[in-house]
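This report looks at how the two parts of one chain meet. The sequence and structure come next.

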Amino acid sequence: MAKLVKNNTIKLKFDSVKNFAPAPESKKAAKIDPQYDLFINGKFERPMSKKYFSTINPATEEKLSMIAEANTADVNKAVKAARTAYDKTWKKMPTAERAKYIYRIARMIQERAREFAIIETLDGGKPIRESRDFDVPTAANHFFYYAGWADKLEYAFPNRKTTPLGVAGQIIPWNFPLLMAAWKIAPALACGNTVVLKPAENTSLTALKLAEIIQEADVPPGVVNIITGAGVTGAAIVNHADINKIAFTGSTDVGKIIQRAIAGTNKKATLELGGKAANIIFEDAPLDQAVEGVINGIFFNQGHVCCAGSRLYVQESVFNEVVRKLKDRLETLIVGDPMDKNTDIGAINSKAQLDIINKYIKIGLQEGAEMYQSSCAMPKKGFYCRPTLFTNVAQSNRIAQEEIFGPVLAIQSFRTDDEVIEKANNTAYGLSAGVWSDKGSKIFNLTSKLRAGVIWANTFNKFDPTSPFGGYKESGYGREGGLHGLSAYINLV
Ligand code: ADP
């Protein structure tokens, strides 16, 4: 299994690591219907557009189901249902009663956790370990957390009067489909708003399963409406005159379109957009832990995370050691069937996204960076990308500046604190960052100077419903999670 090599480090014989016996999760616990309609006013309804589009499993390219495509008339219907539910029911309901419904949703997600995890993995390509251990429990936790606040807003905002905003239009991306729906719906409901939510077109299934739960939980009709479709449907939500708030998570490009669309209206907005997070390793850091944190930050979940640590800055004295450790660890990562519990890196979410990632890998090579890819076996079918790292990267290189949204890491060295702060901040984004050091004073110095909404110290990609999350600069504005997440859905008087 392991042998001693010249420099006295233990080198794993990677072949044996990669030859784990398959441990696939069974698909049986998940029921996927051949076709899904729009969830409007508490009922599943055929779209007025009469159109459906297919959703596929990116790991196998097989069709999973047909999804309704909402047109403007469908959006109008959903917004009308949300407005009526807001005026007649939800706004007036005692806050403790509202809380009960939100708790019920949380418990029902827990009860059906296995089914949610399987569907999330089949529809999105992420490893079952990730959806089972992170996405689904964290989604339930968000509902629990905000249910707790629903009847305590006067304590959240002492000596202030809170009123809901009205109808919230919520548009979410494909990387954390259920979790993003929870991030958006839970605080909105807790504050007394009603919602129209649209999942991303290639990952609608868990949001539609959530609609089933909302129906079974007897949430009053129209309080939550879940409609499906692509950008045109999203734009119809954004432009609807009777929407009071837009909550969007997605690309910076679409975020800018939305900002332009709502300029001059009374609509409030929170935008959680792209990122190009810097992970910074100082020479005094616990290096093995740091390497594991970097791997977790960019390679697990295929780099499909807006806060992924896609840039790595390593202090010069430990640069070679860290890069060697990273390469060794890269070789042990298992790329393949997302339903297998041993898999570290699943499928890239779509062919279009894989093309973008491959384009950036080519750009990195053309820019003169040095590439290292794991030599792992790759599945023959489906959309997959080898975990890739680049050294010899210049700060101006596109792979160090632009969001790739894939398992691609750009590594640079630095000498001093000031240098790395300047390099880390030299990006259009500012969503997250990571600092690895043994010295608390160094960590505090950096966290106060790095322009990022979330900064992890000696860890990475940790989430909790009580912590606010959001960006600086082109990573957007507004915060989700914690008390900040509540204030995004209320008027304070
Ligand atoms: P990504 O690059 O991560 O796919 P997008 O920003 O394209 O991110 O998509 C995120 C969400 O925004 C999806 O639900 C998508 O359908 C929706 N969307 C895309 N274009 C628009 C638009 N012009 N207006 C509103 N929503 C949009």
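## Domain layout

The model is predicted.

## Extent of the interface

Contacts between the domains involve 29 residues of domain 1 and 29 residues of domain 2. The size of an interface is often given as the accessible area lost when the parts come together. For domain 1 and domain 2, the buried area is about 2,500 Å². Carbon and sulfur atoms give 58% of that area.

On the domain 1 side, the residues that lose the most area to domain 2 are R129, W174 and S475. Together these three account for 23% of what that side buries.

## Polar and charged links

Between domain 1 and domain 2 there is 1 salt bridge. R129 pairs with D344 in a salt bridge whose closest N and O atoms are 2.8 Å apart. R129 is also one of the residues of domain 1 that lose the most area to domain 2.

Polar contacts link 12 residue pairs across the two domains, counting pairs with both residues at pLDDT 80 or more.

## Make-up of the domain 1 side

Two helices, α4 (113-124) and α5 (128-150), each supply at least two residues of the side of domain 1 that touches domain 2. Sorted by class, that side has 12 nonpolar, 9 polar and 8 charged residues.

Definitions and conventions. Residues are numbered from 1 along each chain as its sequence is written. This is a predicted model: local features need pLDDT of at least 70, side-chain atom pairs count only at pLDDT 80 or more; totals for chains, interfaces and linings use all residues. Side-chain values use heavy atoms; hydrogens and water are left out. Contact means heavy atoms within 4.5 Å. Buried area is the accessible area (1.4 Å probe) that two parts lose on being put together, summed over both. A salt bridge is a side-chain nitrogen of Lys or Arg within 4 Å of a carboxyl oxygen of Asp or Glu. A polar contact is a pair of N or O atoms within 3.5 Å; within protein, one must be able to donate a hydrogen and the other to accept it, and residues adjacent in sequence count only if both atoms are side-chain atoms. Helices (H or I, at least four residues) and strands (E, at least two) are DSSP runs, numbered from the N terminus. Ala, Val, Leu, Ile, Met, Phe, Trp, Tyr, Cys and Pro count as nonpolar, Asp, Glu, Lys and Arg as charged, and the others, Gly among them, as polar.
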